[in-house]
Amino acid sequence: MDRRVTAGVRGVPYDGGELLTIGAFARASRLSPKALRLYDELGLLTPERVDPRSGYRLYAPAQLERARLVAWLRRLGMPLARIREVCELAPDAAASAVAAYWTQVEADTAARRDLAAFLVDQLSRKDTVMTEPATPLTMRCAALTDQGLVRPAQQDAAYAGPRLLAVADGYGPSGDLAATAAIEALKDLEHRDLTSADLPAVLEEAARRAHRTAPSADEATGSTLTALLRSGSQLALLHLGDSRAYVLRDSGLFRITHDHSVVQSLVDEGRLTPEEASSHPRRALLLRSLDGATEFAPDLQLLEARPGERYLLCTDGLTSVVPPETIQDVLTAADDPDRAVRELIRLAREAGAPDNVACVVGELAGAEVAV
């Protein structure tokens, strides 16, 4: 029998039945020929046979089930790498993998919804800030650290002042020195007369000095750094590592930093769920920090603040054991920043406090009502 393939042939006999041309297979699977060629190149959906003369792809009818699964998973928005993993699983395991992926999608959507609400609120302020009467602001603040219940030493550091809030989480043999040095590098900014235009640049330069003087890489020592520097109603935010910053506003609690960690990158790529990330063996590995060896690449933002807002800066010793909902409840209910940081530390210890903890809370108020 002549088994050569030519364009336009609808089916070609083979041992397991009749092979389908790429056009026929595309129609049956609801995948375009372009998509089928891509999935072949990626090893996701390899044709049963490729004609040696024309290069024309032929598919077995038995491949339709996998092709339709790929099409459905793509409609869900699942990344191709993850689709490949799901397709290799037994049905029960594949079902669990799809359920876990969708749980992650819903969590990510909620996080993006919150971020969108924060950005809408933040951007709308830029239109009103010039028309509303300026209200002098002051900041009530408190900082507290705790060694926790497991760590043999304290390697977290924190600072709270009327213009500067900062936390640092040290790691390695001299992590305590690295964290303290990171905070000390910023303290001078508290006493400088700065305009809002100066804030990001001077905050970045102070952190850069700390980065240059951090211990060398062969000591495996460094520190995270998350800091807010205020001038009037303007707040500059600098962030490196996996410590975090949150703001409590009328519309809720917003996380305003993104972790620079290996597990966060895997979550961003769709390879881990947030739940899996929390217990991942590499969750402590950072992609950015103050370590004197890697490139200095902090995230920088300029925020518009208003009276009544509360800002929380904390190390992962808090966020790894106390959920965001509880953090929001504490920040909302506490009479003042000092009460808030004490309650947050108490909750971390109540949850086992497996790591050092550092918390800083700052509350903005109109100068005329500050206490």
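1. A disulfide is taken here as a pair of cysteine sulfur atoms within 2.5 Å. With that cut-off, a search of the whole structure, which is a predicted model, returns 0 disulfides.

2. Cys359 illustrates the result. The closest cysteine sulfur to that of Cys359 belongs to Cys314 and lies 5.7 Å away, which is too far for a bond. Because its relative accessibility is 0%, Cys359 counts as buried. Cys87 also falls in the buried class, because its relative accessibility is 14%.

3. Cys87 belongs to a set of buried residues in helix α4, which spans residues 80-87. The set consists of Arg82, Ile83, Val86 and Cys87. These residues cover an arc of only 140° around the axis, so they lie on the same side of α4.

4. An open sheet is built from 5 strands, in the order β5-β15-β14-β11-β12, and the pairing is antiparallel. Its edge strands are β5 and β12, the latter comprising residues 252-255, and each of them pairs on one side only. Direction ignored, neighbouring strands of this sheet are turned against each other by 15° on average. As a general point, the strands of a sheet pair through backbone hydrogen bonds, in either a parallel or an antiparallel manner.

5. Strand β11, residues 244-249, pairs with β12 over 4 bridges in the antiparallel sense. Within this region, Arg249 is placed opposite Gly252 of β12. Helix α11, formed by residues 324-333, packs on the sheet and touches β11, β12, β14 (310-314) and β15 (357-366). The direction of α11 makes about 125° with that of β12.

6. Is Asp146 buried or exposed? Asp146 counts as buried because its relative accessibility is 17%, and the cut-off for that class is under 20%. The side chain of Asp146 makes a polar contact with the side chain of Arg349, at 2.9 Å. When neighbours within four places in sequence are left aside, the residues in contact with Asp146 are Gln154, Ile345, Arg349, Asn356 and Val357.

Conventions
Residues numbered from 1 in each chain as written. Predicted model: local features only at pLDDT ≥ 70, side-chain atom pairs only at ≥ 80, totals over all residues. Heavy atoms only, no water. Buried < 20%, exposed > 50% of the residue type's maximum accessible area, 1.4 Å probe, protein only. Polar contact = N/O pair within 3.5 Å; in protein donor to acceptor, adjacent residues only side chain to side chain. Contact = heavy atoms within 4.5 Å. Pairing = 2+ DSSP bridges. Helix = DSSP H or I, 4+ residues; strand = E, 2+ residues; numbered from the N terminus. Axes fitted to C-alpha atoms, helices over the stretch in contact; angles between N-to-C directions. Arc of directions from axis to C-beta.
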